[in-house]
Amino acid sequence: MKTDEKIITARNLVKKFGHFVANDHLNFDVYRGEVFGFLGANGAGKTTAIRILCGLSEPTSGEIMVAGFDAHTQRDLIKKNIGYMSQKFSLYDDLTVSENIRFYAGIYEISAKEIRSRTDDLLKRLGFEHAKNKLIRDIPLGWKQKLAFSIAIFHRPQIVFLDEPTGGVDPITRRQFWDLIYEAAQGGITVFVTTHYMDEAEYCDRVSIMVEGRIAALDTPDNLKKSFNVANMDEVFRKLARNIE
Amino acid sequence: MFISAKNIFKNYGSTQALSDISFEVNKNELFGFIGPDGAGKTTLFRILTTLLLADKGSATINGWDVVNDFKTIRNNVGYMPGRFSLYQDLSVEENLTFFATIFGTTIEENYDLIRDIYVQIEPFKKRLAGKLSGGMKQKLALSCALIHAPELLVLDEPTTGVDAVSRKEFWEMLRNLRDKGITIIVSTPYMDEASLCDRVALMQNGKIMQIDTPQHIVGEFPRKLYAVRSSNMYSLKDDLLHFPEQHSVHLFGQYLHFTAREREADILGLRHYLEGKNHQNIIIEAIEPGIEDCFIELMTENSASNEN
């Protein structure tokens, strides 16, 4: 649920690769418990910005705070306080469901006892108890997706970054996945999500759209549709991306 | 008929990748295989391009058998796999020359066919393929698949991970190629791309659920579909699911798509029900279904019949 507390602040975020400016003075805030959609065409600079916000890459300049830590000097602390899930899931095919959970939880230094009790809770909630000892390669794709998300928030991070989490997923599982996202947000986790499905942009509390390294628009889906005078987010996106041509 | 596939089965160990796949594609058709990851699209394309043997069943392309005439097929088919598989350490121009040479032709000979696509990357022809952006890689891969003027173009998820605007442009390129006389089969997980194909096969779990023109598939949707909205979307979904006459409720962007058990819903009754649940600014309007509505309906029917 969206609150007034800022969990990410970016002031004049700049990232250059040589002479190429990938992120050109990005300014935005993300609030605790918010579902924040991060959209943009391929090559607009989304991945570069996400890598900085996750502590994987150092910004060239700007004041950026993520979960209370500085993106220049406290990148390791950022990594400990966030979760991340990408489209190419990060689960190990040749480990079982519970081994995957134990592996990730171990990296985040959760105690063995705590891992056991949280694993039981998690598998019960997902209805996966019978699959506990199955290899990841043997479980259906839709399950993998839900499991990957649950593992990304297993260490109870303040923010979870989802990079095209629903790419290639069937339309029913895709909708169930958004139920999980809402559940996490209701529980106070901030969700920072990228997608190429424009209907999913409607499910976000607020949406930013990047065009050529800059944030071209940032508002609630309703306000964006109003200010561009169009019926849906697909048209907002197309108007913004076409204007640059 | 240009492609004919009959009763194709393929298992990987105990996993059934394809189950009794049959279809036909006409010459000069733009034919789409629509379905999520794991539906069997890549396996099917690999069988058709002679890169994989089916366990059972047969297929021909332009009368050539995929097993016996594999060499002829390879010379007459352009294949763009899902993963970028050109040489990253060769330049744009070197990659294209390489593929032209393998097929005993030259860039100049078939330049007409690739011109519209290749001009967009020609300014970067000295750049290494590995250093191209995603969109440019896609255009180079398409150019390489086309350089020997194939009769059939096979494209495995060419638009996956591509933004909405670039996807539209890519489909325009495909329609232009179709108009130049090339038969095209293309797979995609994006349901909205179905409407850009002449005909589509909707695939799920190794099976084809339906084959038809997108217009017919949408026209055969068994119920009247309604878009419903109110001030509180979160409780609206729950309340609609508990409406006694409910058949299906699915979130579609800013609306919920609703069908009743009867072909038509009692809209007045539904409105009274929602008002009784304190919903405000209720909108209920009959709408035309899209391919995604049809896909969900077919998935639900299939899983229901599997359980019985």
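1. Salt bridges over all chains. The count over all chains comes to 31 salt bridges, a salt bridge being a side-chain nitrogen of Lys or Arg within 4 Å of a carboxyl oxygen of Asp or Glu. The model is a predicted one, in which local features need pLDDT of at least 70 and side-chain atom pairs count only at pLDDT 80 or more, whereas totals for chains, interfaces and linings use all residues. Side-chain values use heavy atoms, with hydrogens and water left out; residues are numbered from 1 along each chain as its sequence is written, and chains are lettered from A in the order in which they are written.

2. Arg32(A) and Glu5(A). These side chains meet in a salt bridge at 2.8 Å, N to O. Arg32(A) lies in the loop between strand E2 (20-31) and strand E3 (35-40) of chain A, and Glu5(A) in the segment before strand E1 (6-17), so the pair ties together parts that are 27 residues apart in sequence. Helices (H or I, at least four residues) and strands (E, at least two) are DSSP runs, numbered from the N terminus. Arg32(A) is partly exposed at 23% relative accessibility, and Glu5(A) is partly exposed at 40%. Here buried means under 20% relative accessible area, exposed over 50%, and partly exposed in between, with a 1.4 Å probe and protein chains only.

3. Glu200(A) and Arg174(A). A salt bridge of 2.9 Å, N to O, joins the side chains of Glu200(A) and Arg174(A). Glu200(A) belongs to helix H7 (residues 198-201) of chain A and Arg174(A) to helix H6 of chain A, so the pair ties together parts 26 residues apart in sequence. Glu200(A) is buried, with a relative accessible area of 1%, and Arg174(A) is buried at 4%. Arg174(A) and Glu200(A) also belong to a network of salt bridges that links them with Arg175(A), Asp199(A) and Glu292(B).

4. Arg223(B) and Glu297(B). In chain B, Arg223(B) forms a salt bridge with Glu297(B), the closest N and O atoms being 3.6 Å apart. The pair links distant parts of the chain, 74 residues apart: Arg223(B) is in the loop between helix H7 (214-219) and strand E11 (225-229), and Glu297(B) is in helix H10. Glu297(B) is buried, with a relative accessible area of 8%.

5. The interface of chain B and chain A. The contact takes 29 residues from chain B and 29 residues from chain A, contact meaning heavy atoms within 4.5 Å. The area buried between the two chains is about 2200 Å², of which carbon and sulfur atoms give 57%; buried area is the accessible area (1.4 Å probe) that two parts lose on being put together, summed over both. In chain B, Asp163(B), Leu251(B) and Gln254(B) lose the most area to chain A, together 22% of what that side buries.

6. Between chain B and chain A the count is 4 salt bridges. Asp179(A) forms a salt bridge with Lys237(B), the closest N and O atoms being 3.3 Å apart. Helix H6 (164-179), strand E12 (246-252) and helix H10 (291-307) of chain B each supply at least two residues of the side that touches chain A. H6(B) gives the most to that side, with 6 residues.

7. Nonpolar cores. A nonpolar core is a set of buried Ala, Val, Leu, Ile, Met, Phe, Trp, Tyr and Cys residues joined through side-chain atoms within 4.5 Å. Of the 68 residues in the largest nonpolar core, Leu147(A), Phe149(A), Leu162(A), Ile209(A), Leu240(B) and Phe258(B) touch the most other members. Helix H6 (residues 171-186) of chain A gives the most to this core, with 6 residues. A second, separate core of 49 residues includes Val92(B), Met136(B), Cys197(B) and Leu225(B).

8. Cysteines. The structure holds 0 disulfides over all chains, a disulfide being a pair of cysteine sulfur atoms within 2.5 Å. The sulfur of Cys204(A) is 16 Å from the closest cysteine sulfur, in Cys54(A), too far for a bond. Cys197(B) is in no disulfide, and the nearest cysteine sulfur, that of Cys294(B), is 14 Å away. Cys204(A) is buried, with a relative accessible area of 6%, and Cys197(B) is buried at 5%.

9. Arg118(A). This residue lies in helix H4 (residues 112-126) of chain A. Arg118(A) is buried, with a relative accessible area of 14%. Leaving aside neighbours within four places in sequence, Arg118(A) is in contact with Ile110(A), Phe154(A), His155(A) and Arg156(A).
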